Amino acid sequence: MTTIVAARPRVLADAIPGGLARDLALVLSAAGLTGIAAQVALPLPFTPVPISLQTFTVLLSAAALGPWRAGAVMLLYLGAGVAGVPWFSEQRAGFGFPSFGYVIGFVIAAVVVGWLARRGADRSIPGTVALMALGNLVIYAVGVPYLAIAIGADAGEAIQLGAVPFLIGDALKIALAAGLLPATWRLAGESARP
């Protein structure tokens, strides 16, 4: 009699041996990396939302860590920042700034991207492009309305200030992720299937 056991879907972090200690180290490291990436920011004179490497770090770490670890990373990042750690973009802390909605969006996007990556969406270039594009849309879906409320803008103006200026940068970040994630899976010796 043969027993067929379905392989548990994996993310890249699962290739690292360890249990709770590994997970804790990954969560703390990814939160710290997100805080560092947020400081690589370029303010734009026409919008209160700076260009940063933050979204790239959020989405890439979400795909690598999976939904629960990635969600924990972003909850830690958000909670520590609200509590006073100045690691949001431009060394901000708290929640009283117009781009805080994007930080809230990071939590949701991390879980969504991690969940889809666990199901193999990050193992091919087209899958990774779709995964990262969806993650960006989730972040915008929270960040742009928050921005509109924070600055008293209508939806069109908020989109012009909080999404349009970042689309080219997002496309470049998506292209970079589309090269990195499938290549890393190949290096790890995993097939393109989950």
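Before starting, a word on helix axes: they are lines fitted to C-alpha atoms, for helices over the stretch in contact, and angles run from 0 to 180 degrees between N-to-C directions. Helices (H or I, at least four residues) and strands (E, at least two) are DSSP runs, numbered from the N terminus. This is a predicted model, so local features need pLDDT of at least 70 and side-chain atom pairs count only at pLDDT 80 or more, while totals for chains, interfaces and linings use all residues. Residues are numbered from 1 along each chain as its sequence is written, and side-chain values use heavy atoms, with hydrogens and water left out.

**Exercise 1. Work out how H3 and H4 pack, and which kinds of residue make the contact.**

Step 1: the angle between H3 and helix H4 (residues 100–118) is about 170 degrees, and their axes are 7 Å apart.
Step 2: that makes H3 roughly antiparallel to H4, given that angles under 35 degrees count as roughly parallel, over 145 as roughly antiparallel, 65 to 115 as roughly perpendicular and the rest as oblique.
Step 3: look at who touches whom, with contact meaning heavy atoms within 4.5 Å. H3 contributes residues including Met-74, Tyr-77 and Leu-78, and among those from H4 are Phe-100, Val-107 and Trp-115.
Step 4: sort the contact by class, and you get 15 nonpolar, 2 polar and 2 charged residues. Here Ala, Val, Leu, Ile, Met, Phe, Trp, Tyr, Cys and Pro count as nonpolar, Asp, Glu, Lys and Arg as charged, and the others, Gly among them, as polar.

**Exercise 2. Describe the ring pair of Tyr-77 and Trp-87.**

Step 1: rings of Phe, Tyr and Trp (its six-membered ring) pair if their centres lie within 6.5 Å; planes under 30 degrees apart count as stacked, over 60 as edge-to-face and the rest as tilted. The structure has 8 aromatic pairs.
Step 2: in this one the ring centres of Tyr-77 and Trp-87 are 5.1 Å apart with planes at 45 degrees, so the pair is tilted.
Step 3: Tyr-77 sits in helix H3 and Trp-87 in the loop between H3 and H4, so the pair ties together parts 10 residues apart in sequence.
Step 4: check burial, where buried means under 20% relative accessible area, exposed over 50% and partly exposed in between (1.4 Å probe, protein chains only). Tyr-77 is buried at 0%, and Trp-87 is buried at 16%.

**Exercise 3. How many residues of H2 are buried, and what covers them?**

Step 1: 10 of the 12 residues of H2 are buried, including Phe-56, Leu-59 and Leu-65.
Step 2: their cover includes H1, S2, H3, H4, helix H5 (125–151) and helix H7 (167–187).

**Exercise 4. Find what Leu-12 touches.**

Step 1: Leu-12 lies in the segment before H1 and counts as buried at 14% relative accessibility.
Step 2: leaving aside neighbours within four places in sequence, Leu-12 contacts Ala-64, Leu-181, Thr-184 and Trp-185.
Step 3: now turn to Ala-64, which is in helix H2. Its C-alpha is 9.8 Å from that of Thr-184, 120 residues apart along the chain.
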